Structures are given as C-alpha cells and as structure tokens.
Amino acid sequence: AGGLLLALLSGSKEYTTSELQENFSKAGLAHVLALSGMHLSIFAALPTKVTRKKSNLVSLWVVVLFVWFAGLSPSLFRALLCLILNILFSKLKIKTNLLGILSLSFLIQISIFPNHIFNYGFILSYGALAGLALGEKLFLPIFSKFLPKKIAADFAASVGAQGITAPITLLGFGTCSPIGILASVIVSPVANIFLSLGIFALIISILFPFLFLL
C-alpha cells in the first residue's frame, strides 16, 4: 500500500512491484500510476475540505508546492496550466469550456517547452482529456438512456479517452488494452479514494509521529 501511495503521489514506481505495474498496464490503467490532473484536483480541493471555505489562490499554492515536490513533468505542467487558466477566466468572469482551456494550454505549453510535443506523456495527457470532453458530448446522451447518470458520464468519458489514446499507445508502445474502458470506470474512483485517504493518513502521521510505528 505504501509503494502504491508513493507512486500515486510522486510518480515514482521504485517501491511498487513489477507485477503490479504490469497488471495496471494490461488492464489499460497505466495512466492511473502517472501523475495527472486527477492528482492536482485532489490537492486543489484540500484547502476547501480543511477550512470549509473555497479559496482559489490557496488551492493554487498547494498545487504549485505539489508540482515542485513531484517534478514538472509534461502531463503535470498541462494540468497546472489548465488550473491556472480556469482560475484566471473565473476571476475575469469569462465563460469557457474544457476544450477551449485545453487548446489554450496546449499553445502556451509548446511555446514554453517545444520539445514536449515529442513526449508521449504530453501527447497522451492532452489526448485523454480531449477524448474525455468529446466522449461526454458524443456518448453521454446514448449511455444515459440505459445507465444511471453518474455511471453513464464516467463510461462516456472513458470511451472517449480510450478512443483517442488507444491508437497512440498502439503506435508508440505496440500495445492496446480495450478493457481499460471498463476498468477505468471501476478503478479510477477507487484510486481517487485511496489517494485521498493516503494523503489524510500522511498528514496525521506527520502531526503525530508516533503513528509511524503503527
């Protein structure tokens, strides 16, 4: 559990077994172990959960500290840019959408780091998020006819994301796991809960060091 938590927090898989990594890959869930917007959203929500008051600036500082700790990978920089743009447009009261934010983030990132465009993490990060947005628009009306709304939304997003990333992983890594469409709907929320509880346990252990012995 500790090795998996470290992998989810920092992207370091040093303390996870090769079998675990292989299982995630075969299940089409390698993205769960990669640092992404999911991690930043959890950290951005921490100040609100602790103080019960929403503060975009405090959330941004928490996220920046996490990015500094984890390292500025292409996918994390994309997530950070999207968060900054969301906060900026919110303050300016400018209406936007996910694809608009993603497009502007893409242009800014390749302007600052042109070499990122050759990085598969960068390509998959933008591809997955674009697929997620398109999937909700294209497939949600279909799936919502016979599935509960929350499950239909998750399934539509998963189909969209896998639809774009599958050809990329097949071309870049010679592998493709269609089962990831279903596995993501099941495992991603569980991983989110595990990460949130892990962060809470880590904070408690820092405040009360004797708990490290338990």
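Reader: OK, at what angle do α4 and α5 pack?

Author: Helix α4 (residues 56–70) packs with α5 at about 170°, and their axes are 11 Å apart. That makes the pair roughly antiparallel: under 35 degrees counts as roughly parallel, over 145 as roughly antiparallel, 65 to 115 as roughly perpendicular, and the rest as oblique. The axes are lines fitted to C-alpha atoms, for helices over the stretch in contact, and angles run from 0 to 180 degrees between N-to-C directions.

Reader: Which residues make the contact between α4 and α5?

Author: From α4 it's Asn 56, Leu 60, Val 63, Val 64, Phe 66, Val 67 and Ala 70. From α5 it's Leu 76, Leu 80, Leu 83, Ile 84, Ile 87 and Lys 91. Contact means heavy atoms within 4.5 Å. By class, the contact of α4 with α5 has 11 nonpolar residues, one polar and one charged. Ala, Val, Leu, Ile, Met, Phe, Trp, Tyr, Cys and Pro count as nonpolar, Asp, Glu, Lys and Arg as charged, and the others, Gly among them, as polar.

Reader: Wait, where do these numbers come from?

Author: This is a predicted model, where local features need pLDDT of at least 70 and side-chain atom pairs count only at pLDDT 80 or more, while totals for chains, interfaces and linings use all residues. Residues are numbered from 1 along each chain as its sequence is written, and side-chain values use heavy atoms, with hydrogens and water left out.

Reader: What is Leu 40 in contact with?

Author: Leaving aside neighbours within four places in sequence, Leu 40 touches Val 63, Phe 66, Val 67, Leu 76, Ala 79 and Leu 80. Leu 40 itself lies in helix α3 (residues 37–51) and is buried, with a relative accessible area of 4%. Leu 40 and Ser 59 are 19 residues apart in sequence, and their C-alpha atoms are 9.5 Å apart in space.

Reader: Switching over: how do the axes of α5 and α7 cross?

Author: Helix α5 (residues 74–91) and helix α7 (residues 120–143) have axes that come within 7 Å and cross at roughly 40°. The two are therefore oblique to each other. Pro 74, Ser 75 and Arg 78 in α5 meet Gly 121, Phe 122, Ser 125, Tyr 126 and Leu 129 in α7. By class, that contact has four nonpolar, three polar and one charged residues.

Reader: What about α6, which residues are buried in it?

Author: In α6, those are Ile 101, Leu 102, Ser 105 and Gln 109. They span an arc of only 95° around the axis, which puts them on the same side of α6. What covers them includes α5 and α7.

Reader: Is Lys 93 buried or exposed?

Author: Lys 93 is exposed, with a relative accessible area of 75%. Lys 93 is in the loop between α5 and α6, and its phi is near 55°, a positive value in a residue other than glycine.

Reader: Last one: how many helices and strands are there in the protein chain?

Author: Nine helices and zero strands. Both are DSSP runs numbered from the N terminus: helices are H or I with at least four residues, strands are E with at least two. Of the chain's 214 residues, 36% count as buried. And among contacts with a separation of 6 or more, 59% are between residues 24 or more positions apart.

Definitions and conventions. Buried means under 20% relative accessible area, exposed over 50%, partly exposed in between (1.4 Å probe, protein chains only). The arc is that of the directions from the helix axis to the C-beta atoms.
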